[in-house]
Amino acid sequence: MDQTAISINKLNKWYGDFHVLKDIDLQVATGEQVVICGPSGSGKSTLIRCVNRLEAYQDGHIEVMGQEETNLPRLRRQVGMVFQQFNLFPHLTVLRNCTLAMTRALRMDQAEAEETALRMLERVRIREQALKFPTQLSGGQQQRVAIARALCMSPKAMLFDEPTSALDPEMIKEVLDVMADLAQDGMTMICVTHEMGFARQVADRIVFMDAGQVVEVAPPDSFFANPQNLRTRTFLEQIL
Amino acid sequence: MSFSEIFLGILEGLDVTLTVTAFGLLFAIPFALVAGVAQQFLTGWKRAPVTAIIEFWRSTPILVLMFMFYYTLPVAGVYLNATTVAAMTLGLHIGAYGSQSVRAALQALDRGQVEAGLAIGLTRWQVLLTIELPQMAVAMLPTFVNQFIQLVKGTALVALITMTDMTARAKELSQLTFDPPAIYGALMLAYFLLLYPATVLGRHLERVVGRRSGRLNGGRAGDV
């Protein structure tokens, strides 16, 4: 394994009395793509939301690029996140959605930020829509803008929280293609998804979670062909 | 006195009505924003003083507030002129209501917006200023216009702390001519002419904002 990009150690989280994440251990190497799957309520989204601290956790450690950053804005600039509901800013153009954090958080000047933004929009193949507002775009286009917006901060790793779950079927592919390109370019990724085709094609490892625990971690081939755990097998039978 | 003479006589008080309104806004808008945001952001005991201040201004009749500040503060050696007292009491009273619209608008905003802002590395403060407030401002415009109208109507009370606004002029004229129907008719007309454009503007903004928010929520324009 190369250098570890994200290291999750003995992570525990509770919502009141409810134990959502139980002793999670997971290391993601630089350049590695990990897909997390599992039934709803298993804690997948909560886990990746702990990585950029949109969720607080009570016990354990998460290190990003070798350190546990306590300055949250700084941490979040290192780890981009893409949401299920896109969450673009409706009052700003596509271009301004992308430049906002560069000009405000990184204090980059407008021209330089726009240049970066256009480069990233190019990368997700939507540069020609730069001056439109999010609501003028389709869901697939909006999600690609959201990916570009995250890439603008030059993150060391990307978190995807069910990025295609809110999309119409015919738009899923355009988003997955962009994500596959990113993987190809060596972006470190943790992706919560139910797209098993994508997992098979892109993931280095697949993590199966159930009831707040990591049940099984395996490369896609053995994960699909020869799941070790009964719960994994039951889950795969249900979705495949 | 002819109706038009009466009407023009009443308009001599227009400058006072407008002055109190303008200075009232200077109290109302900042107070609504700061108090509304503070009430939404603070938790636990820190929130109590903010709520108390809002409730003080909101739950006391404007007239009582005016008497309080105009006639009782001098007892404590504090002399505020009538314009200041009028603008402050009206402005903060309306602003206290406005703060609740601000808070409601903050609560109504999709939580995903805040999360997306934080996730790209903005501070909570930057998220408030660049993401939440601009979206709220649009949503709140119609409410603000309505509260502006309340403010203008409230200025009719300043006559009771010695100011000569349109209502005070009407009272003076009625003591001269003993023609209440014409005088108060003209007074109503004056307020109507002043406020009707604002109500039209408010309705127009409501339609525009309604259309826009329908679009913002992905076309679910029928939802309210």
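Modeller: Helices (H or I, at least four residues) and strands (E, at least two) are taken as DSSP runs and numbered from the N terminus. The model is predicted, so local features need pLDDT of at least 70 and side-chain atom pairs pLDDT 80 or more, while totals for chains, interfaces and linings use all residues. Residues count from 1 along each chain as its sequence is written, chains are lettered from A and ligands numbered from 1 in the order written, and side-chain values use heavy atoms, without hydrogens and water.

The residue is Asn12(A), which sits in strand β1 (residues 4-15) of chain A. Its relative accessible area is 5%, and Asn12(A) therefore counts as buried (under 20%; exposed is over 50%, partly exposed in between, with a 1.4 Å probe and protein chains only). The side chains of Asn12(A) and Asp23(A) are joined by a polar contact of 2.9 Å (N or O atoms within 3.5 Å, one able to donate a hydrogen and the other to accept it; residues adjacent in sequence count only if both atoms are side-chain atoms). Leaving aside residues up to four places away in sequence, Asn12(A) touches His19(A), Leu21(A), Lys22(A), Asp23(A), Tyr57(A), Gln58(A) and Asp59(A) (heavy atoms within 4.5 Å).

Elsewhere in chain A is helix α6 (residues 169-184). Its 16 residues should span 22 Å at 1.5 Å a residue (1.5 Å times one less than the number of residues), and the end C-alpha atoms are 23 Å apart, which agrees. Among the buried residues of α6(A) are Met171(A), Val175(A), Val178(A), Met179(A) and Leu182(A). The cover over the buried residues of α6(A) includes β3 (33-37), α4 (110-123), α5 (139-151), β6 (157-161), β7 (188-192) and α7 (196-202) of chain A. After α6(A) comes Gly186(A), with a positive phi near 90°.

One of the covering elements, α5(A), can be followed in more detail. The axes of α5(A) and α6(A) come within 8 Å and cross at roughly 20° (lines fitted to C-alpha atoms over the stretch in contact, with angles from 0 to 180 degrees between N-to-C directions). This makes α5(A) roughly parallel to α6(A) (under 35 degrees; over 145 is roughly antiparallel, 65 to 115 roughly perpendicular, the rest oblique). Residues making the contact include Arg144(A), Ile147(A) and Leu151(A) of α5(A), with Glu174(A), Val175(A) and Val178(A) of α6(A).

Chain B comes to 9 helices and 0 strands. Of its 224 residues, 44% are buried, and its C-alpha atoms fill a box of roughly 70 × 45 × 20 Å along the principal axes. Among contacts in chain B between residues at least 6 apart in sequence, 75% join residues at least 24 apart.

Helix α1 (residues 3-11) of chain B holds Gly9(B) and Glu5(B). Gly9(B) is buried, at 4% relative accessible area, whereas Glu5(B), at 44%, is partly exposed. Gly9(B) touches Arg169(B) and Leu173(B), residues up to four places away in sequence being left out. Glu5(B) and Ile183(B) are 178 residues apart along the chain, with their C-alpha atoms separated by 9.9 Å.

Also in chain B, helices α2 (residues 14-41) and α7 (residues 124-154) pack at about 135°, with axes 11 Å apart. That makes α2(B) oblique to α7(B). Leu25(B), Leu33(B) and Phe41(B) are among the residues of α2(B) that meet α7(B), where the partners include Leu128(B), Leu133(B) and Phe148(B).
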